[in-house]
Amino acid sequence: QVQLVESGGGLVQPGESLRLSCAASGSIFSATTMGWSRQAPGKQRELVATITSGGSTNYADSVKGRFTISRDNAKNTVYLQMSSLKPEDAAVYYCDAQDPISGEFDYWGQGTQVTVSS
């Protein structure tokens, strides 16, 4: 249905910024709500941002005001701009696609590692 490949992760210091990209393939991408989630060792998976096909966005309280999700349907790409990064933001970040039937974000890629440390 939808294949997702995340990139852009890396090592940054607290307070710095990072931009993640998600390359998607599949004929339904432009009509699919997309999101970014993260999973840190010992923590539950957290959906941090979503964006509808029309560009409406939502954010988890933990990242609100610091992260921005966007999409370019013509390029089949979703982005996550992360600013003012904190050590608590360190995790594997996944690009997620919403299941059009269940409404759950059940599709994701292999993830990209974000490390925030001095």
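Two residues are said to be in contact when heavy atoms of each lie within 4.5 Å. By this criterion, and leaving aside neighbours within four places in sequence, L11 is in contact with T115 and S117. L11 belongs to strand β2 (residues 10–12); here helices (H or I, at least four residues) and strands (E, at least two) are DSSP runs, numbered from the N terminus. L11 counts as exposed because its relative accessibility is 64%; the term exposed means over 50% relative accessible area, buried means under 20%, and partly exposed covers the values in between (1.4 Å probe, protein chains only). The C-alpha atoms of L11 and A90 are separated by 9.2 Å, although the two residues stand 79 residues apart along the chain.

The model is predicted, and therefore local features need pLDDT of at least 70 and side-chain atom pairs count only at pLDDT 80 or more, while totals for chains, interfaces and linings use all residues. Residues are numbered from 1 along each chain as its sequence is written, and side-chain values use heavy atoms, with hydrogens and water left out.

The account now turns to strand β8 and its partners. Strand β8 spans residues 77–82 and is mostly covered, with five of its six residues buried. Two strands pair if DSSP finds at least two bridges between them. β8 pairs with β3 in the antiparallel sense over six bridges, and L18 stands opposite M82 in β8. β7 and β8 also pair in the antiparallel sense, over six bridges; in this pairing S70 stands opposite Y79 of β8. In a regular strand the side chains alternate between the two faces of the sheet.

β7 and β8 form a hairpin with four residues between them. N76 lies in the loop between these two strands and has a positive phi of about 50 degrees although it is not a glycine. With a relative accessible area of 25%, N76 is partly exposed. S84, in the loop between β8 and β9, likewise has a positive phi of about 50 degrees without being a glycine. Its relative accessible area is 41%, so S84 is partly exposed.

F67 lies in strand β7 (residues 67–72) and counts as buried because its relative accessibility is 2%. Beyond its neighbours within four places in sequence, F67 is in contact with several residues, including R38, Y59, L80, M82 and Y93.

What does the interior contain? The largest nonpolar core has 28 residues, and those with the most contacts inside it are W36, L80, M82 and Y93. Such a core is a set of buried Ala, Val, Leu, Ile, Met, Phe, Trp, Tyr and Cys residues joined through side-chain atoms within 4.5 Å. β3, β4, β5 (46–51), β7, β8, β9 and β11 (112–116) each supply at least two residues of this core. Y93 touches L20, W36, F67, L80, M82 and V114, among others, when residues up to four places away in sequence are not counted. In soluble globular proteins, nonpolar side chains tend to be buried together.

A covalent link is also present. A disulfide is a pair of cysteine sulfur atoms within 2.5 Å, and by this rule the count comes to one. C22 and C95 form it, with their sulfur atoms 2.2 Å apart. C22 lies in strand β3 and C95 in strand β9 (residues 91–97), so the pair ties together parts that are 73 residues apart in sequence. The torsion about the S-S bond of C22 and C95 is about -80 degrees, so the disulfide is left-handed. Both C22 and C95 are buried.

A loop residue may be covered as well. T32 is found in the loop between β3 (18–25) and β4 (34–39), and it counts as buried because its relative accessibility is 6%. Not counting residues up to four places away in sequence, T32 touches I51, S53, R71, A97 and Q98.

R19 lies over the face of Y79, at 4.1 Å from the ring centre. The charged end of R45 sits over the ring of W108, 5.2 Å from its centre.

Technical notes:
A charge sits over a ring if NZ of Lys or CZ of Arg is within 6 Å of the ring centre and within 35 degrees of the ring normal.
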